[in-house]
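The sequence and the structure come before the text.

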Amino acid sequence: MTPPSSQLDPVTLNIVGRTLDAIAEEMGVNLVRGAFSPLIRETRDISMAVLSPRGEIVGMAQYVPILLNAMGPAFEGWSAEYPLEALEPGEVIVMNDPFRGGQHLNDVFLFVPVFVEGILGGFVANVAHHTDLGGGAPSGNADATEVFQEGIVIPPMKLDVRERWETTPLVRMMLANVRMPETTLGDLRAQFAASRIAAARLGALFAKYGAAVVHCCMDELLARSERLMREAIGRLPEGTYRGEASLEDDGAAGKPLTVRVALTIADGDIVVDFSDTDPQIRTFSNSTLGSTVSTVHTTILSVLGGADIPKNGGCFRPVRIVAPLGTAANPRRPAPSRARTNICYRIFDAIVAALMPVAVDRIPSPGFNSQTAISLSRYDGGRWRVFHDIITGGNGARECADGADGMTLPLTNSLNTPIEAAELEFDFLRIVRYGLRPDSGGAGTFRGGLGIERVYEVLEDGIRMFGYSDRHLEVPPGFHGGLPGATGRFAVERDGRITRLSARVNTLLGKGDRLIVWTGGGSGFGLPTARDGERLERDVRNGLITGELVQSHRPGAV
Amino acid sequence: MAARLRVGVEIGGTFTDLIVVDDRGRLVKAHKVFSTPGAMASGALQALAESGVSLGDVEIVVHGSTVATNTVLERRGAETALIVTEGFRDVLTIQRQSKDRLFDLTYTKPEPLLPRRRIAEVAERVAGDGRVLRPLSEDDARRAVAALLEDGRVESIAVCLLHAYQNPEHELRLSAVIRALAPGVFVTLSSEVLPEFREYERASTTVISAYVKPVVAQYLETLEVRLREAGFAGTLLVMQSNGGVLPIESAREQAVRMVLSGPAGGVTGAATLAAASGFPDAVTLDMGGTSTDVCLVNGGKAAYTAETKIGGLPLRTPMVDIVTVGAGGGSIAWQDGGGFLRVGPRSAGANPGPACYGRGGTEPTVTDAQAVLGLIRSGAFLGGRFVLDRERSWAALGPLAQAVGLTVPALADGIVKIANAHMARAIELVSTAKGKDPRDYALVAFGGAGPLHAAAMAEELGIRRVLVPPHAGVLSAYGLLMADLRRDYVMTRVAPVSVERKDLLHPFVQMIRRGEQDAASYPADGGRFVVECALDMRYEGQGYELTVPIAAELIPDAGAAEIRQCFEDAHRLRYGYAAPEKGIVIMSYRAAASLRGSGMAPELSGGPAGRSGPGEEAPILVGGRELPARFHARGALPGGARVDGPAVIEDLTTTIWVPPGWRAEVNAQQTIVMEPR
């Protein structure tokens, strides 16, 4: 049995802890470098972790948080069907099923058990967003009303990597149902190669220190983070806090979709209750349970985790989630969920709004907080090519700092696609403008971060466009008098005329069309009239604030 | 007739190392002094003056420094501006839009080196295949440049236009406009600094280059003038990030290639000396006061890489592939919020330094831990020129020991182990992470602190041989003298590796010719012209290339099948698989041209004759126990001498720890080889 943690020396603990993170980091580098789709290799819409034998995160790399914290629910999903005792060396689990712990279909998980001295030592796991997994439209389908129109569903399935996994029925079945089988296979290979190397590293760590010591370190790392997290929670006054936030359009009835959350803090625990959240909707903005869990964990960790708490699965032990089946936070099969990130952002916003009265010193005013993704796809009669791009917006201002301009928002951390990479890879498009939108940050003592403008020129006819975003109508105001940031927009410029598009859209573009994507700004914090004159001057000099917005910052302005 | 001397001067974060050899490579003087941050050139000259060498006798000075690195890290560069393609003014601000710390709502991106108002747009556009879609208008170019020059403060202008790596025409025309309007302003073009795709990384590299260029030029000029004033009439060579040296004139124009040159001299020296001892495959470990640099050497040659980050900003330039960890002798031990014992990355540096230096430091450092353990002693440290106060170390460790619940010696042991673990991780990053087993390599330890930690670290990694070369404490200066003249060329030419093509390797011919022309201008009286060629290749659809060496005999007429073979072997080694059904694309051509043998060959004979004495016995603390250990003076150990651990060998500029169970032997090349008994 493992020795009691009190016998563990701090040096071994430090070394094992660092190595667990390092294994995940190396897995990330290998996945990025080996991958084929720009969405993985440039945008890095991926995550990876090392897990304890019980599936808790003990080592992580810095990629997409909402995918990182997705490991827990996905693990629960597949382990409910495949008992851990029955796993054998060489077996791996592949899955994407949103109703068995997965995220949206595009996120394909790979879990690799690592054995030591005949027992289960732990897991290495990674998840990657595959650009296209079939369904009613390339990359994403804004018209889907069921998961089946979004692509191929992979329930948890075992593969044996000691054989040629590329030709197994599962993989052949998958590749027969997607638009870019070569890319899909290439990305899967990168996932497998990265995890195989990581599994070897974890095996080497076990071999070096022995299973008992490594497991003891894992337990201790988790226990320490849990303790620190409970202390952080304990510093908040006990009670129930409520908050809400809405998607502006459910995509069907044209009504807002509202997340209502009740946070109860007691005895160092947090219960996050979604019972009052709106029912699930027919369109693709539902958050399946795995996404809800991952979002809650990411949000709590961001708000309460501070710099001092080592981040791992132990941080989630004090958190309990109540999400009744049939709500938009835990929809029934077969609800579609491709655009789940935006309802997840509203979960983030609702929790932040609830905690605002007791934690305003550590949370920002609302940011643009809307995943804005577009894809441009072309079928040339022989093959599909799909360009998928993620554009971030402005972050909310804080009590003591401006919001970051054009930087990733809290749940996601995907990179932009270099313009040169996009144009070399996709000869049917050109990016003609990419920059910050001056004046898009909400005014305040500290101003919100600026949104982005990115304009694509389409060079051929018959290009299919898919896109989704939110906050195209309104951005909430900031805290303590900060003004709201600017809204985002999708529009097409054709023959000199500009036409706005919906925030959830499938459409067709032709040669010469320009797709204009604006993301919104973050909201300000505090009264604009209290803004420091020097900061204001610097923004004006650098062209980030112009015209009327300058006036709103002047003392005496209303 | 005065001796014709060669001098290597290496300025590091904590120490400045100086070495003087005669024209046959024999040591005249080795010297180590504290660096003088803020007045680096003076420090170098002072070290020279102290060494007692007359500059009139010196024929070559090779210089390595962190001046370019620190210019970026400390944001002390020139007033710089940038010109970009219209519509892309915010490339430096948006960066890749990501953050490095998840869950941190207070994260901000690394600040660009220049503010937005110093970025101008010009109307022009080149396509991905190099076609000009929108010509650059002369008027617009003039307007943009004039706007940047308006307040009269800009000293340096970077130009980074979209797809300029395919067609530099517009950048060249802008350069001409700038030179016409402002002849005194430095100009840096992305198509010259880094002709590779990905606009943010290219713009960042170009701006870093423009930002350091005036500072480096000024620094090198000051150094040269002061050297000349002091009577130096020889050649001044400067170390580059790629491990080669260039004459000062070439170094000035390629300032960006100095940015990571600091540790390169040591690697060159370690690789040369390890090979001389019969160990061409080695891991170099350079542990100084502030940090430790680790590099993998295969067949006597250091590994290379193309990208790193400095102060959070990406920099792509050919450089020795060095992994740096913030663990040096001066690294401070502390307890984090979670109660974990940590070491570094904060360092006590040269000022105030570790507590035992008595220069005002009070925080517990790795050096203090070693002093507590009794492995470094006052009499021997820096040849006895410097008093080491063990009591101060003990006092510095006390409060932390109490906080983490350990005795002071147990804490000292722990600090050393954690520092070793940081360094072991760095070794794994250059070896296991690249598919190389560290156990197949010898560990070459140098720098002031490296030989003190090396054997324990080797044990940790299963490495069975540790080398400590002669003059290990000043090897980074010694290595400067061994570096060859070298210059790297890179050219992006996207080319699918298709069966019909037979001319895929033809671009190398032109690059080799360019290398020959440049080499002809170097002030060297020896060396054989050698070019090493490599291709950056990837499977069609991948985003990152593998740099694959191309053997000379394949150039220029090898076919697609041979090139494919080279790539797939490399891919299999790195990722464990190949994808034969996928197309392969060449992205860039690389050629490293050097004058092999233009660096000095070290003289390795000599050393004391006779038998070694028994040394002196003193107690040390190891693993919580007091043990008697033998202390030997390095200078008293002749070739063939053997020392069994536990023992300490004290050199003028470094200390070597031979743990229990290990044996050290001085070989014929004056290198100490340590192995488990």
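Does Glu226(A) count as buried or exposed, and what is its relative accessibility? In this predicted model, Glu226(A) has a relative accessibility of 18%. Glu226(A) counts as buried because the value is under 20%.

Side chains of opposite charge can pair when their charged atoms come close. Glu226(A) forms a salt bridge with Arg317(A), with 3.0 Å between the closest N and O atoms. Glu226(A) belongs to helix α7 of chain A and Arg317(A) to the loop between α8 and β10 of chain A, so the pair ties together parts 91 residues apart in sequence.

Arg317(A) also meets the side chain of Glu56(A) in a salt bridge, at 2.8 Å from N to O. This pair links distant parts of the chain, 261 residues apart: Glu56(A) sits in the loop between β1 (46-51) and β2 (57-60) of chain A, and Arg317(A) in the loop between α8 and β10 (319-322). Arg317(A) is partly exposed at 30% relative accessibility, whereas Glu56(A) is buried at 18%.

In chain B, the side chains of Arg538(B) and Glu545(B) meet in a salt bridge of 3.0 Å, N to O. Both Arg538(B) and Glu545(B) are buried. Over all chains the count of salt bridges comes to 82.

The table lists the salt bridges named in this report.

| Residue | Partner | N to O distance |
|---|---|---|
| Arg317(A) | Glu56(A) | 2.8 Å |
| Arg317(A) | Glu226(A) | 3.0 Å |
| Arg538(B) | Glu545(B) | 3.0 Å |
| Arg198(B) | Glu42(A) | 2.9 Å |

The size of an interface is often given as the accessible area lost when the parts come together. Chain A and chain B bury about 6,500 Å² between them, and 54% of this area is on carbon and sulfur atoms. In chain A, the residues that lose the most area to chain B are Arg33(A), Phe36(A) and Glu420(A), which together account for 12% of what that side buries. The contact takes 85 residues from chain A and 66 residues from chain B.

Across this interface there are 33 residue pairs in polar contact, both residues being at pLDDT 80 or more. Several elements give two or more residues to the side of chain A that touches chain B, among them α1 (10-34), α6 (181-209), α7 (211-234) and β13 (429-436) of chain A. The element that gives the most is α1(A), with 13 residues. By residue class, the side of chain A that touches chain B divides into 42 nonpolar, 19 polar and 24 charged residues.

The interface of chain A and chain B also holds 7 salt bridges. Arg198(B) and Glu42(A) meet through their side chains in a salt bridge, at 2.9 Å from N to O. Arg198(B) and Glu42(A) are also part of a network of salt bridges that links Arg41(A), Glu42(A), Glu425(A), Arg96(B), Arg198(B) and Glu201(B).

**Helix α12 of chain B**

Helix α12(B) covers residues 408-430, 23 residues in total. From the first C-alpha to the last, α12(B) reaches 33 Å, close to the 33 Å expected at 1.5 Å a residue. The helix is mostly covered, with 20 of its 23 residues buried. At the start of α12(B), a side-chain oxygen of Thr407(B) comes to within 3.1 Å of the backbone nitrogen of Ala410(B).

**Backbone features and a buried histidine**

Chain B has a cis peptide bond from Gly344(B) to Pro345(B), with omega near 0 degrees. Pro345(B) is found in strand β20 (residues 341-347) of chain B. The peptide bond from Ile555(B) to Pro556(B) is also cis, with omega near 5 degrees. Pro556(B) is in the loop between β25 (546-550) and α16 (560-575) of chain B.

In chain A, Arg471(A) has a positive phi, near 55 degrees, and is not a glycine. Arg471(A) is in the loop between β15 (463-468) and β16 (489-494) of chain A, and is buried with a relative accessible area of 4%. Asp495(A), likewise not a glycine, has a positive phi of about 50 degrees. Asp495(A) lies in the loop between β16 and β17 (497-501) of chain A and is exposed, with a relative accessible area of 79%.

His104(A) lies in the loop between β3 (91-95) and β4 (107-116) of chain A. With a relative accessible area of 2%, His104(A) is buried. Leaving aside neighbours within four places in sequence, His104(A) is in contact with Asn96(A), His129(A), Ser337(A), Arg338(A) and Arg340(A).

Key: Residues numbered from 1 in each chain as written. Chains lettered and ligands numbered in written order. Predicted model: local features only at pLDDT ≥ 70, side-chain atom pairs only at ≥ 80, totals over all residues. Heavy atoms only, no water. Helix = DSSP H or I, 4+ residues; strand = E, 2+ residues; numbered from the N terminus. Expected span 1.5 Å × (residues − 1). Buried < 20%, exposed > 50% of the residue type's maximum accessible area, 1.4 Å probe, protein only. Polar contact = N/O pair within 3.5 Å; in protein donor to acceptor, adjacent residues only side chain to side chain. Contact = heavy atoms within 4.5 Å. Buried area = accessible area lost by both parts, 1.4 Å probe. Salt bridge = Lys/Arg side-chain N within 4 Å of Asp/Glu carboxyl O. Nonpolar A, V, L, I, M, F, W, Y, C, P; charged D, E, K, R; others polar.
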